[in-house]
Protein chains: 2
Amino acid sequence: MKTVLLIHAHPDPHSLTAQLAGAARAELRALGHEVIQSDLYALGWKAVYDEHDFPQRLDPQRLSFVEESGHAFKTGTQPDDVRAEQAKLQAADAVVFQFPLWWFGMPAIMKGWIERVFAYGLAYGWQDAGNRHRYGEGGLAGKRALLSVTTGGPSADYGPRGINGQLDELLFPITHGTLFYPGMEVLPTYAVHGAGRIDAAGVEAAKAGLAARMRTLFTDTPLPYRTQNGGDFPDRHVLADDVAPGVTGLRAHLR
Amino acid sequence: MKTVLLIHAHPDPHSLTAQLAGAARAELRALGHEVIQSDLYALGWKAVYDEHDFPQRLDPQRLSFVEESGHAFKTGTQPDDVRAEQAKLQAADAVVFQFPLWWFGMPAIMKGWIERVFAYGLAYGWQDAGNRHRYGEGGLAGKRALLSVTTGGPSADYGPRGINGQLDELLFPITHGTLFYPGMEVLPTYAVHGAGRIDAAGVEAAKAGLAARMRTLFTDTPLPYRTQNGGDFPDRHVLADDVAPGVTGLRAHLR
């Protein structure tokens with residue numbers, strides 16, 4: 001039995017997002033896993049990361065989010081809502097993010113969950129080692145992550161030569177920069193396209209597809225991103241010349 | 001004389017973000033332009049896009065953001081804060097977004113500005129023509145846009161083979177998917193790296209660099225993204241075979 005944190009972002013309990021979250025939850029429970037949920041709209045999640053996140057400031061004059069985040073995390077002075085979500089995250093063996101793709105990213109409420117919960121000392125600046133532990137190692141190592149997204153447009157728009165851009169590259173700031181960064185193993189994204197015009201049969205197919213992904217959540221092969229300390233980045237910043245020679249851009253990050 | 005909307009996202013008036021916004025404002029005014037500002041934290045901007053954005057719902061039972069956004073925009077029933085920002089946007093010849101790169105994207109408060117202000121009928125679904133007008137044409141055509149970002153890491157991390165990913169590809173969901181989508185001409189991003197350890201001389205150099213970009217705001221060449229209706233996407237979804245043959249991923253979107 002594993003523990004799975006299921007986070008979703010849509011205020012309508014009848015939305016496709018909520019239905020998909022429900023399908024994932026039901027399948028995970030049927031598999032014998034424990035499911036923890038964060039229904040961000042229902043929680044009334046505070047999306048804006050601001051001075052109220054640091055009630056006991058290290059420096060009351062200047063607000064450095066990095067320094068105050070590290071201080072608040074280390075001293076246990078973060079707000080209760082942040083601590084509660086961090087406890088869920090730390091208890092989880094896998095995290096599933098279910099959201100509609102809004103302007104090619106997470107809804108602001110979910111982006112604000114990342115900003116507030118992914119504290120310095122937990123998700124970055126891990127073990128006070130600065131940049132030493134990131135990309136494949138870090139405070140969330142050993143956990144799996146899956147993005148499950150819905151989009152309004154047709155799948156062709158998100159293909160390798162689609163007008164919106166290739167979906168996995170659009171999501172790279174999240175999959176690589178947000179989830180792989182603190183050490184999570186990130187699975188290939190599950191996407192349901194054409195959500196605006198989906199019919200009842202389409203909803204059932206989408207739910208079944210996500211349920212299938214729940215069955216392989218702990219066995220699917222993660223995205224083959226390059227770890228910082230695995231040898232490909234000898235100076236921890238730039239790919240070695242002999243690794244994927246001549247390749248540039250996001251695709252250079254795939255082993 | 002032009003009108004420039006300057007949006008920034010950091011709560012500390014002494015932050016590098018606020019200082020850069022101040023430098024941009026001063027230079028634009030010195031050039032004789034009118035500057036409109038949206039200091040999102042000072043405004044107490046509501047970041048979460050939810051049912052309160054649609055006080056007179058088309059469908060009180062089911063919440064479709066696309067349908068309610070179109071209805072609220074068309075009937076003039078959007079909240080006052082949204083209408084005020086749309087009026088600023090519509091008055092602007094150029095928009096400058098100044099923000100710290102948090103998890104490789106906009107802070108949630110700014111993402112929520114996009115979600116709430118970029119209504120259906122204005123920034124997408126323009127002229128009720130569905131997907132017909134997007135990418136180079138749309139409700140914001142004729143306006144210029146510039147991202148001005150600060151990052152914590154060194155510039156090498158954001159280079160073509162840097163460990164974080166190439167900066168222009170990390171920002172593609174914003175530059176292409178959010179700003180070019182409704183027709184804006186998007187300029188190459190202005191980036192200040194190593195913001196966490198910047199010294200006084202570095203701050204002055206960063207401000208001077210941004211001031212220089214303000215002087216060429218209306219003459220710099222925009223990013224060469226492909227328009228939907230310019231011939232490269234004959235079916236409006238996928239690149240024609242003879243356009244950049246064999247090229248896939250985000251780089252296929254550059255002319």
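Helices here are DSSP runs of H or I with at least four residues, strands are runs of E with at least two, and both are numbered from the N terminus. Helix H7 of chain A, residues 172–180, is mostly covered, since nine of its nine residues are buried; a residue is called buried if 20 or more other C-beta atoms, placed from the backbone, lie within 10 Å of its own, exposed if 12 or fewer do, and partly exposed in between. Among the buried residues of H7(A) are Phe172(A), Ile174(A), His176(A) and Phe180(A).

## Basis of the model

This is a predicted model, in which local features need pLDDT of at least 70 and side-chain atom pairs count only at pLDDT 80 or more, while totals for chains, interfaces and linings use all residues. Residues are numbered from 1 along each chain as its sequence is written, and chains are lettered from A and ligands numbered from 1 in the order in which they are written.

## Two copies and their contact

Chain B can be laid on chain A with an RMSD of 0.0 Å by a turn of 180 degrees and a shift of 0.0 Å along the axis, and the two copies are thus related as by a two-fold rotation axis. The superposition is by least squares on the C-alpha atoms of residues with pLDDT of at least 70 in both copies. Within chain B, the residue that comes closest to this axis is Ala108(B), whose C-alpha lies at 2.4 Å.

The contact takes 57 residues from chain B and 57 residues from chain A, where two residues are in contact if their C-beta atoms, placed from the backbone, lie within 7 Å. On the side of chain B that touches chain A, H5, H6 and H7 of chain B each supply at least two residues, and the largest share, six residues, comes from H5(B). By class, that side has 27 nonpolar, 19 polar and 11 charged residues; Ala, Val, Leu, Ile, Met, Phe, Trp, Tyr, Cys and Pro count as nonpolar, Asp, Glu, Lys and Arg as charged, and the others, Gly among them, as polar. Because 100% of the interface residues of chain B are also interface residues in chain A, the copies meet through the same surface.

## Domains of chain A

Chain A is divided into domain 1 (3–223) and domain 2 (224–255), with bounds from an automatic or database domain assignment. Their centres, taken over C-alpha atoms, are separated by 25 Å, and 10 residues of domain 1 are in contact with nine residues of domain 2. H7(A) gives the largest share of the side of domain 1 that touches domain 2, namely three residues.

## Helix packing in chain B

Helix H4 of chain B, residues 80–91, packs against H5(B) at an angle of about 90 degrees, with the axes 10 Å apart. H4(B) is therefore roughly perpendicular to H5(B), a description given to angles of 65 to 115 degrees. In this packing, Val82(B), Glu85(B), Gln86(B) and Leu89(B) of H4(B) meet Trp113(B), Arg116(B) and Val117(B) of H5(B).

Definitions and conventions. Axes fitted to C-alpha atoms, helices over the stretch in contact; angles between N-to-C directions. Parallel < 35°, antiparallel > 145°, perpendicular 65-115°, else oblique.
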